[in-house]
Amino acid sequence: MKKYAIKRNNRNKTVAILNYDERKKEYTIDIPQNVTVKESPFMMSLFLKKGIRHMNPDWSMKWVQSRIIPSSRQNIGEILRVNGMQSYDEHALLLKNEGRSCQDEFYLEQISK
């Protein structure tokens with residue numbers, strides 16, 4: 001199980017933990033008790049508003065997919081080639097850009113291997 005801290009650029013606070021099970025190729029997200037709705041990424045804030053601090057594999061994968069190039073993107077083969085990849089791999093793409101998105105200030109930092 002690999003773990004990644006989800007952090008905001010202008011602060012060093014961990015707003016969530018992204019867990020990745022390599023065997024299952026499955027993600028889950030846990031949001032610490034000290035994180036508020038305003039501090040969290042938008043999708044996670046929707047869970048926090050309901051008092052939920054654990055995102056199941058389906059919702060966690062949706063969050064990951066919102067941070068990477070979709071497999072249906074035009075010229076995806078060229079994008080993969082430029083990134084040194086031979087096939088589409090959500091996890092590899094997520095790590096290539098540290099989970100960054102142009103829509104917010106959050107990024108990933110690996111905390112365990």
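Visitor: In which helix of this predicted model does leucine 93 lie?
Guide: The model is predicted, and its side-chain atom pairs count only at pLDDT 80 or more. Within that model, the residue in question, leucine 93, falls in the helix that spans residues 90-96, which is helix H4.

Visitor: Is leucine 93 buried or exposed, and what is its relative accessibility?
Guide: Leaving aside neighbours within four places in sequence, leucine 93 is in contact with Ile68, Ile69, Leu80, Met85 and Tyr88. Buried means under 20% relative accessible area. Leucine 93 therefore counts as buried, its relative accessibility being 6%.

Visitor: How far apart in space are leucine 93 and isoleucine 69, C-alpha to C-alpha?
Guide: Isoleucine 69 is among the residues that leucine 93 contacts. The two are separated by 24 residues in sequence, while in space, from C-alpha to C-alpha, the distance between them is 7.6 Å.

Visitor: At what angle do the axes of helix H1 and helix H2 cross, and what does that make their arrangement?
Guide: Helix H1 covers residues 42-49 and helix H2 covers residues 57-65, and their axes come within 10 Å of each other, crossing at roughly 150°. Angles over 145 degrees count as roughly antiparallel. The crossing of roughly 150° therefore makes H1, relative to H2, roughly antiparallel.

Visitor: Which residues make the contact between H1 and H2, and how many of them are charged?
Guide: From H1 the contact draws on Met43, Met44 and Phe47, and from H2 it draws on Trp59, Lys62 and Trp63. Sorted by class, this contact of H1 with H2 has five nonpolar residues and no polar ones, and the number of charged residues is one.

Visitor: Which residues of H1 are buried, and what covers them?
Guide: The buried residues of H1 are Met43, Met44, Ser45, Phe47 and Leu48. Of these, Met43, Met44 and Phe47 also take part in the contact with H2. The cover over the buried residues of H1 includes strand S1 (2-8), S2, S3, strand S4 (54-55) and H2.

Visitor: What is the relative accessibility of serine 60, and which residues does it contact?
Guide: Serine 60 has its place in helix H2. At a relative accessibility of 0%, serine 60 counts as buried. When neighbours within four places in sequence are left aside, the residues in contact with serine 60 are Tyr27, Thr28, Ile29 and Met55.

Visitor: Where is valine 35, and how far is it from leucine 48 in space?
Guide: Valine 35 sits in the loop between S3 and H1, and with a relative accessible area of 1% it is buried. Not counting residues up to four places away in sequence, valine 35 touches Lys13, Thr14, Val15, Ser40, Leu48 and Arg53. Valine 35 and leucine 48 are 13 residues apart in sequence, and their C-alpha to C-alpha separation in space is 8.9 Å.

Visitor: Which residues line the largest cavity?
Guide: The count comes to one cavity of 30 Å³ or more, and about 40 Å³ of space lies in the largest cavity. By class, the lining has one nonpolar, no polar and four charged residues. The residues that line this cavity are Arg8, Arg11, Lys13, Val15 and Glu39.

Visitor: What value does phi of lysine 25 take?
Guide: Lysine 25 lies in the loop between strand S2 (14-21) and strand S3 (26-30), and with a relative accessible area of 56% lysine 25 is exposed. Its phi is positive although the residue is other than glycine, and the value is near 55°.

Visitor: What value does phi of asparagine 75 take?
Guide: Asparagine 75 has its place in the loop between H2 and helix H3 (76-82), where, at 53% relative accessibility, asparagine 75 counts as exposed. Here too the residue is other than glycine and phi is positive, with a value near 65°.

Visitor: How far apart in space are arginine 23 and serine 66, C-alpha to C-alpha?
Guide: Arginine 23 is found in the loop between S2 and S3, and at 74% relative accessibility arginine 23 counts as exposed. Arginine 23 and serine 66 are 43 residues apart in sequence, and the C-alpha to C-alpha distance in space is 22 Å.

Notes. Residues are numbered from 1 along each chain as its sequence is written. This is a predicted model: local features need pLDDT of at least 70, side-chain atom pairs count only at pLDDT 80 or more; totals for chains, interfaces and linings use all residues. Side-chain values use heavy atoms; hydrogens and water are left out. Axes are lines fitted to C-alpha atoms, for helices over the stretch in contact, and angles run from 0 to 180 degrees between N-to-C directions. Helices (H or I, at least four residues) and strands (E, at least two) are DSSP runs, numbered from the N terminus. Angles under 35 degrees count as roughly parallel, over 145 as roughly antiparallel, 65 to 115 as roughly perpendicular and the rest as oblique. Contact means heavy atoms within 4.5 Å. Ala, Val, Leu, Ile, Met, Phe, Trp, Tyr, Cys and Pro count as nonpolar, Asp, Glu, Lys and Arg as charged, and the others, Gly among them, as polar. On a 1 Å grid over the protein atoms alone, a cavity is a set of points where a 1.4 Å probe fits but cannot get out, and a pocket is an open set with protein on both sides within 12 Å along at least five of seven lines; lining residues have an atom within 4 Å of a point. Grid points are joined across faces, edges and corners, and a volume is the space filled by probe spheres set on the points. Buried means under 20% relative accessible area, exposed over 50%, partly exposed in between (1.4 Å probe, protein chains only).
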